[in-house]
Amino acid sequence: MNEDNALTPFRIAIPQADIDDLRDRLAHTRWPVPVPGRDDRTDFSRGIPLVYLKELAEYWRDGFDWRAQEEGLNEYGQFTTAVDGQTFHVVHVRSTNPEAVPLILNHGWPGSFVEYQRLIPLLTDEFHVVVPSLPGFGFSTPLSGTGWELARTTEAYAEIMTRLGYERFAAHGTDIGAGTTGRLAALHPERVIGTHIGSDPRWLGLLGDKFPYPDGLSDDETAQIEAVRAEAAAERGYLAMQDHRPDTIGAALTDSPVGQLAWIAEKFKTRADGAYRTPDETVDRDQLLTNISLYWFTRSGASSAQFYYESAHSGIDLVTASDVPSGWAVFDTHPLMRRAVDPWKAIGHWSEFTEGGHFPAMEATELLADDIRAFFHGVS
């Protein structure tokens, strides 16, 4: 890679004009006409409920303090660096422990480096923590061009770790980050100490499409998986748009803060006892809105969607085989998870938790930190 390898110090400093513009747009939102009977703020059966969305938008406009959140994020060291022509934003927090292991934390969509904000201080006693932002996400913008998918991104991450002086390192990821984590191990097994994946039962929704059904299922077990698959199918509207029409949805997300709010916030709801917890009952409201504000201020609602298009048309698998030691932590677990994902029990470290969900760094921070430490104690 013939380019400047400089690591340029970075601090977040959103112009006040952009903050004022956000509040002005929120104050002048053109709301849909309410549908009679659709007044349950926890009924996500048709998407995010209007009554709840209005509550969240009002708080974003009048109660949320971006400057306070910005100050908190700037407590962590950050830099930007160009790899293969693309600017990457990276959080880098060195441990004071001389025996610390470098650890790369990989996020997905609709997450960001903000997702790991509360996890970082729980890990720096044992790890040098590195959190790169995917190309087109957050401050890894603007996109330098087309073609930024999983494989190219993984190679860029390996290069970033080299520039930091980390020849050997550990890796953790969720969502898209599970893909970059696994691919790092597959392509650079001599460098990756081990991979730790944060997961949830959404993986069961991929059975029959990405993965085969496990053998010997009873009728009841088949019905359980079909129920998960049906719910997963109902969640994939965003996926179809971002996989195939990112430019179309990108225009709406860039112009409407409430559109961006609805697009992301809905993904943070969780099902509990047959009903839904609202997104800000699932994760901290201010952290949720910090993540969404990052998408808004950087216009990465549009550019992050491009990553889905590139990956969907690349022919590259999300999961890649590797002999590197692997550990899984499954949150909001389902009785059939290990039987479906690891029927041969080849994954040496397997943990299941009833708490948490798809965003464990935000939902179950201490459980995730403890599991990461426990896994890497056994392999490093």
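Which residues does the UniProt annotation "domain: Epoxide hydrolase N-terminal" cover? According to that unreviewed entry, the annotation covers residues 8–116, with positions given in the numbering used here and with the caveat that annotations may be inferred rather than shown by experiment. This is a predicted model, in which local features need pLDDT of at least 70 and side-chain atom pairs count only at pLDDT 80 or more, while totals for chains, interfaces and linings use all residues. Residues are numbered from 1 along each chain as its sequence is written, and side-chain values use heavy atoms, with hydrogens and water left out.

**Annotated span**
- The end C-alpha atoms of residues 8–116 lie 21 Å apart, and the span is 30% helix and 20% strand, where helices (H or I, at least four residues) and strands (E, at least two) are DSSP runs numbered from the N terminus.

**Helices**
- In helix α10 (residues 257–265), 8 of the 9 residues are buried, meaning under 20% relative accessible area with a 1.4 Å probe and protein chains only.
- Among the buried residues of α10 are Trp263, Leu261 and Gln260.
- Helix α16 (residues 365–377) has 13 residues and should span 18 Å at 1.5 Å a residue, which agrees with the 18 Å between its end C-alpha atoms; the expected span is 1.5 Å times one less than the number of residues.
- Buried residues of α16 include Asp371, Arg373, Phe375 and Phe376.

Methods
Buried < 20%, exposed > 50% of the residue type's maximum accessible area, 1.4 Å probe, protein only.
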